[in-house]
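Please open the structure in your viewer and keep the selection tool at hand. The tour below goes from one selection to the next and says what is found at each stop.

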Amino acid sequence: MEQYKKEFIEFMVDSDVLKFGEFTLKSGRKSPFFMNAGAYVTGTQLMKLGEYYAKAIHNAFGDEFDVLFGPAYKGIPLSVAAAIAYAKLYGKDVRYCSNRKEVKDHGDAGILLGSKLKDGDRVVIIEDVTTSGKSIEETYPVLKAQADVRIVGEIVSLNRMEKGKSGDKSALEQITKQYGFPTSAIVTMKEVTEYLYNQPCHGKIVIDDTLKAAIDAYYEQYGAK
């Protein structure tokens, strides 16, 4: 496992973004873990988060893109932080773009924040986590309505690796099948579990035998095939 992945896993735990216990998800599933990217609230956290995203984007898609698009609302700070980090780490200026939930009809009018989109732009979509793929259903038409852009791929921070809203494929796999562009993540839940299982993280065991059994049971029922 790449070093930045290990560091990111510890970063999620240390930032209280990735939690373990008993959680009821929007889907109604009872999950032994929960991720909330909204818990990244400090300048230092956002700086580090942007760098982890930048490394993962570079690893998955190289430099072959022009725009980082972060769907409203959580995607807005992600796209900004990652664009800053990408320029710092790889010396390439990429533009950031996000959408508004409501179209603005005055001043900086329109549905987009940040850079405008133009024909031929190569776009990477950046999100926190995708469980059902619903966000892309809303985002894809918005992007295509603005210009003749090419979606290079989508990046999320954590691939939950569970069944999407239909079939046995994960939400990310369903997105690739439906829209035709690749998806990637900074880390997968499998990598998280393997790295943290019975290993000290900041001086304590995060995933012990009991929690590991709960995670295994969850994936037995909801894991993507």
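**Salt bridges, then a serine**

The structure holds 12 salt bridges, a salt bridge being a side-chain nitrogen of Lys or Arg within 4 Å of a carboxyl oxygen of Asp or Glu. This is a predicted model, in which local features need pLDDT of at least 70 and side-chain atom pairs count only at pLDDT 80 or more, while totals for chains, interfaces and linings use all residues. Residues are numbered from 1 along each chain as its sequence is written, and side-chain values use heavy atoms, with hydrogens and water left out.

Select Glu191 and Lys5 to begin, whose side chains meet in a salt bridge with an N to O distance of 3.5 Å. Because Glu191 belongs to helix 6 (residues 189-196) and Lys5 to helix 1 (residues 3-14), the pair ties together parts that are 186 residues apart in sequence; helices (H or I, at least four residues) and strands (E, at least two) are DSSP runs, numbered from the N terminus. Both Glu191 and Lys5 are buried, where buried means under 20% relative accessible area, exposed over 50%, and partly exposed in between (1.4 Å probe, protein chains only).

Next, select Lys118 together with Asp121, a salt bridge in which the closest N and O atoms are 3.4 Å apart. Here Lys118 counts as partly exposed, at 47% relative accessibility, whereas Asp121, at 2%, counts as buried.

Move on to Lys212 and Asp216, which form a salt bridge with their closest N and O atoms 3.0 Å apart. Since the two residues are 4 residues apart in helix 7 (residues 209-222), about one helical turn separates Lys212 from Asp216. Asp216 has 39% relative accessibility and so counts as partly exposed.

Which side chain makes a polar contact with the side chain of Ser98? That of Ser79 does, at 3.4 Å, a polar contact being a pair of N or O atoms within 3.5 Å, where within protein one must be able to donate a hydrogen and the other to accept it, and residues adjacent in sequence count only if both atoms are side-chain atoms. A polar atom of the Ser98 side chain also lies 3.0 Å from the backbone oxygen of Gly70. To see the surroundings, leave aside neighbours within four places in sequence and display the residues in contact with Ser98, among them Phe69, Ile76 and Leu112, contact meaning heavy atoms within 4.5 Å.
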